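Welcome! Please take a moment to look over the sequence and the 3D structure before reading on.

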Amino acid sequence: MAGDSIPYVINAAMNIPLSLLAVFGNSLILVSFVKNPSLISPSNIVLISLALSDLCVGLIVQPMYIAWRLNQSGFINETWRNDILFLVAVFLSGILCMFSLLTVTVLSADRYLALRLHLRYNEFITERRMCCFLGLLSVGSVAICSVTLFFQAYDEFLGSFTAIACFVVNAVLYLKIYRVVQRHKRQINGLQSGRIPNRGLVNILRFRTSSLAMFYVYLIFLLCYLPYTSLAIVYPLFRTNISVKIAFETSWTLVYMNSALNPMLYAWRLKRIRMAVKDILCRLYRRKLPPRTVETIRGASQAIPS
C-alpha cells in the first residue's frame, strides 16, 4: 500500500461503524412504525422515507464505498472492475443524497403548512397525497442523477447548486415558521390575560413542538452536507491538489454520517417514537436473557406498588 493512500483507507475505515449505526438505527425507526401503526401520519411518512433512504446509505452505498477504497489500496483481491464499483457507488449515493435533500425540504414545507393551515391541515395534507408526492420526488432524483451521467464534468456543480437551493428554501421556511410561532406566542400571552379566546391554540402548541424537532433535523443535515457542498465547488478546479482531494473525500464521510445521526435525533426529539424504540429495545433485551432472569424481572416489577 502506498503512503499517500493511508488517509483514504482511514477514511474508509471510519465508515464501517457509521454504516453499522445507520443500519441499526434506521431499522429500529422503521420497525417502530411497523409495530405502532398509530404513529403513521403525513409528517411521519416523510420521516419514514428519510429513514429508508438513510438505511440504503448504510446498507448499500457505504459498504460499496469501503470495498472500492480497500480494493483500490490493495487490501483485498480485485474480483470485480474497480471503476464500475466506483461509478455504481457514486450514482446510488447521488440518488439517495438528492432524495434526502428534497425530503428534508418537504419536512420544512410540511411544518410550515401545518402552522399556516391549522385545522385545515388534515384536509389538504393526507397520507395518500404525501406518499404520491414522495414517489414523484424519488423518480425526480433518479432522473436528475441520470442526466449527470452525460455531463460528468459538471455533476459536482449541479449537486452543489441543488444543495444550496435546498438550504436556502429550508432557511426561508423556518424563518417564516419562527415568525408564525412568535405571533402565536403573543396570542397565548393574551390568552393568559383573558383577552383572547382559547379556540384552536392547543393544536398550535403541538405543531410548535414538532416544528422544532424538524428544525433540528435540518440543522444536522446542514452541518453534515455543508462541507461537501463547499468543497464540491472548488474541487473541479483543484483536482491535482492532494489536500483538497483528501478533504473532499472526507466530506463524503460527513454526508454518510448524517444517516447514522438522524435516527438518534428522532428518538431524542420525538416522544412517541422514543417510546416505541425503547419498547423494541426492551423486548430484544428480554429475549436475550435466560428464562429465569426474565421471570425474576417481571416478578419484581409486579411486586412494586403503583
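Here is a short briefing, grouped by topic.

This is a predicted model, in which local features need pLDDT of at least 70 and side-chain atom pairs count only at pLDDT 80 or more, while totals for chains, interfaces and linings use all residues. Residues are numbered from 1 along each chain as its sequence is written, and side-chain values use heavy atoms, with hydrogens and water left out.

**Overall build**

- The protein has 10 helices and zero strands; helices (H or I, at least four residues) and strands (E, at least two) are DSSP runs, numbered from the N terminus.
- Of the 306 residues in the protein, 42% are buried, meaning under 20% relative accessible area with a 1.4 Å probe and protein chains only (exposed is over 50%, partly exposed in between).
- Contact means heavy atoms within 4.5 Å, and among contacts between residues at least 6 apart in sequence, 80% join residues at least 24 apart.

**Helices H1 and H8**

- Helix H1 (residues 6-35) and helix H8 (residues 242-269) have axes that come within 8 Å and cross at roughly 15°; axes are lines fitted to C-alpha atoms, for helices over the stretch in contact, and angles run from 0 to 180 degrees between N-to-C directions.
- By class, 14 nonpolar, seven polar and two charged residues make up the contact of H1 with H8. Here Ala, Val, Leu, Ile, Met, Phe, Trp, Tyr, Cys and Pro count as nonpolar, Asp, Glu, Lys and Arg as charged, and the others, Gly among them, as polar.

**Nonpolar cores**

- The largest nonpolar core has 51 residues, of which Phe167, Tyr225, Tyr266 and Ile273 touch the most other members. Such a core is a set of buried Ala, Val, Leu, Ile, Met, Phe, Trp, Tyr and Cys residues joined through side-chain atoms within 4.5 Å.
- Helices that each supply at least two residues of this core include H1, H2 (42-73), H3 (82-117) and H9 (271-288), and H3 gives the largest share, 10 residues.
- Leaving out residues up to four places away in sequence, tyrosine 266 touches Ile29, Leu47, Leu50, Asp54, Val217 and Ile273.
- A second, separate core of 17 residues includes Val57, Tyr65, Ala67 and Trp68.

**Serine 53**

- Serine 53 lies in helix H2 and counts as buried, at 4% relative accessibility.
- Not counting residues up to four places away in sequence, serine 53 touches Leu96, Phe99 and Ser100.
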